[in-house]
Amino acid sequence: MKQLFLGNAAAARGLYESGCELISSYPGTPSTEITEEAAKYKEIYCEWAPNEKVALETAFGACLAGKRAFCAMKHVGLNVAADPLYTASYCGVNAGLVVGVADDPGMHSSQNEQDSRHHAIASKIPMVEPADSQEAKDFIKTAYELSEKFDTPVLYRTCTRIAHSQSIVETDERKVCEQKTYEKNISKYVMAPANAIRRHPFVEQRMKDIEEWSCKSGINRIETSDASNNELKKTGIITASTCYDYTKEIFGNKINILKLGMVNPLPAKLIKDFASTVDKIIVIEELDPIIEQFVRSLGLKNEIHGKDIFLICGEFSQNLIKECLKKILKQCDDLLKAEIPHKPIENLSNRPPIMCAGCPHRGMFYALNKLKVTVFGDIGCYTLGSVPPLSAMDVTLCMGASFSGLHGWNKADKSNEKKSVAVIGDSTFMHSGMTGLAQIAYNQSNSTVIVLDNSITGMTGHQQNPSTGKNLYGDPAGKIDLEALAKAMGIKRVHVVDPYNIKDCENAVKEELEAEEPSLIISRRPCALLKEVKHNPPLKIDESKCKGCKLCMKIGCPAISIKNGKAEIDVTLCVGCGVCVQMCSCGAITA
């Protein structure tokens with residue numbers, strides 16, 4: 001049956017059809033929907049893990065038990081999972097193990113633009129990469145076959161455009177492999193140095209065997225030009241993923257293409273065979289020149305182009321690729337002149353990202369801004385606390401870095417202690433903030449840290465976490481008590497506040513900064529967008545009292561604007577949180 005599938009939904013369908021039985025993931029855009037879509041298949045056990053390292057270790061345990069397993073994460077999450085990943089390469093698998101990683105060229109929702117192919121190369125693990133929704137499904141099956149044939153985890157790389165674009169997919173029935181028997185094998189699964197030394201040659205040979213397989217299997221394929229244009233006949237493009245789609249949209253069948261479905265290991269023999277049929281090779285790839293550098297290392301006599309004409313930063317598009325190709329393809333004006341039809345709307349004002357109306361973080365950030373403290377931030381929707389007019393964040397590095405960063409900041413200069421705090425969300429605290437709090441408690445820096453507890457993983461679309469008391473399906477689950485946890489870790493001062501009360505937030509921060517010991521503030525109120533949250537009626541402006549002082553604008557609420565010199569509240573956005581009421585000195589904002 002043929003259906004229209006989002007790339008991530010197609011990957012989930014591939015997991016279902018391949019007989020995957022366990023998925024453990026950490027939500028991270030653009031990978032999140034793979035696990036959410038897979039959870040709709042009741043035959044697959046799905047869960048959210050506290051972080052990507054735990055997710056991969058869980059999936060590894062399931063594959064040892066003899067059942068096909070999967071975990072998904074975004075590119076920066078693979079950094080967190082790198083520790084088990086690199087050693088799992090040496091251990092190999094029992095049943096198939098596939099690790100999904102979604103890169104984000106253009107940084108639509110990420111703090112960096114790293115290229116996950118580097119992890120595949122460094123960990124010596126094969127990586128497959130689909131170019132559309134059909135391949136997103138099919139390559140999951142291929143990945144499991146590879147994993148079990150060559151005794152290896154397999155990396156399954158996608159990107160924002162593949163993950164969030166739709167195309168037609170032909171579906172099949174689910175086939176579940178017989179559970180593989182676990183057999184104790186200390187030399188294979190216990191990576192003490194003596195065993196690891198013996199496994200390393202196996203890994204090196206495995207990569208050679210997989211490369212040979214990739215040259216013959218069809219996962220990489222050559223498409224021959226049918227053009228009459230001599231320059232096109234003598235030019236070959238090597239590409240993968242979305243860049244393949246853009247190339248086909250530009251040229252159709254009028255240029256020679258080596259389309260790569262496996263991007264590690266790269267197929268040296270196939271590339272040499274392809275190169276022998278053309279004079280000029282153009283490597284089109286987003287981000288780093290990984291394919292290009294490999295092609296250049298082969299000692300080919302061809303004219304080779306890559307990052308000498310293409311950007312190393314950002315996402316590609318059809319028009320961008322056309323503009324770059326004009327530099328070297330002189331006889332192809334008819335193909336490269338016409339732009340993809342697109343007329344931008346003129347005179348649109350910028351719409352910067354901002355916290356939602358009623359966001360529970362707004363009151364705490366306003367208090368921090370007012371107190372002029374240095375704020376170590378973290379990864380989540382609350383990173384928007386750095387945006388004007390709140391501008392209440394000084395640094396954001398990576399998941400969980402805020403608490404440990406503040407600890408180092410205070411240890412380096414004791415004078416920072418009374419004027420610096422760190423903030424982190426409840427999900428990010430569960431992910432990797434606990435170890436930062438342990439660092440503070442153990443090494444006793446006089447640090448004031450704040451957990452912004454909105455009872456959900458907000459940034460990636462409302463996934464549960466270990467502090468919410470619900471599992472991926474929304475059913476009751478184990479719930480970690482943040483106050484009890486902090487005290488068990490050695491934090492004696494734990495202060496809970498409602499962030500809708502600005503004065504209480506301000507007083508709590510002042511009080512804990514004065515304390516001569518580590519302290520934790522929990523700023524607790526559910527995300528305003530949660531379905532179960534009941535809102536107050538929208539607030540109103542009494543124009544007779546409004547002086548147009550714009551104090552209410554200092555909280556950066558999108559429901560408030562100034563019209564004709566007076567404040568105005570958009571009743572379709574306002575949730576009646578009352579934070580703005582506390583800002584108004586003339587009593588013009590009322591229920």
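## Aromatic rings and their partners

Arg199 is placed over the face of Phe202, and its distance from the ring centre is 4.2 Å. This is a predicted model, so to speak a computed picture to explore with the structure in view. Across the whole structure, a search turns up six aromatic pairs. Two rings in a pair are described by how far apart their centres lie and by the angle of their planes.

**A stacked pair**

- Among the six pairs, Tyr16 and Tyr41 are stacked, with 4.4 Å from centre to centre and 20° between the planes.
- Tyr16 belongs to helix 1 (residues 7-17), while Tyr41 sits in the loop between helix 2 (32-38) and strand 3 (45-48), so this pair ties together parts that are 25 residues apart in sequence.
- Both Tyr16 and Tyr41 are buried.

**An edge-to-face pair**

- Phe150 and Trp213 make an edge-to-face pair, with 75° between the planes and 6.4 Å from centre to centre.
- Here, too, distant parts of the chain are linked: Phe150 is in helix 7 (residues 133-150) and Trp213 is in helix 10 (residues 193-217), 63 residues apart.
- Are these two residues buried or partly exposed? Phe150 has a relative accessible area of 12% and is buried, because the cut-off for buried is under 20%. Trp213, at 23%, is partly exposed.

**Another charge over a ring**

- Look at Tyr244 as well: the charged end of Lys259 sits over its ring, 5.7 Å from the centre.

How values were computed
Residues numbered from 1 in each chain as written. Predicted model: local features only at pLDDT ≥ 70, side-chain atom pairs only at ≥ 80, totals over all residues. Heavy atoms only, no water. Phe/Tyr/Trp six-rings, centres within 6.5 Å; stacked < 30°, edge-to-face > 60°. Helix = DSSP H or I, 4+ residues; strand = E, 2+ residues; numbered from the N terminus. Buried < 20%, exposed > 50% of the residue type's maximum accessible area, 1.4 Å probe, protein only. Lys NZ or Arg CZ within 6 Å of the ring centre and 35° of its normal.
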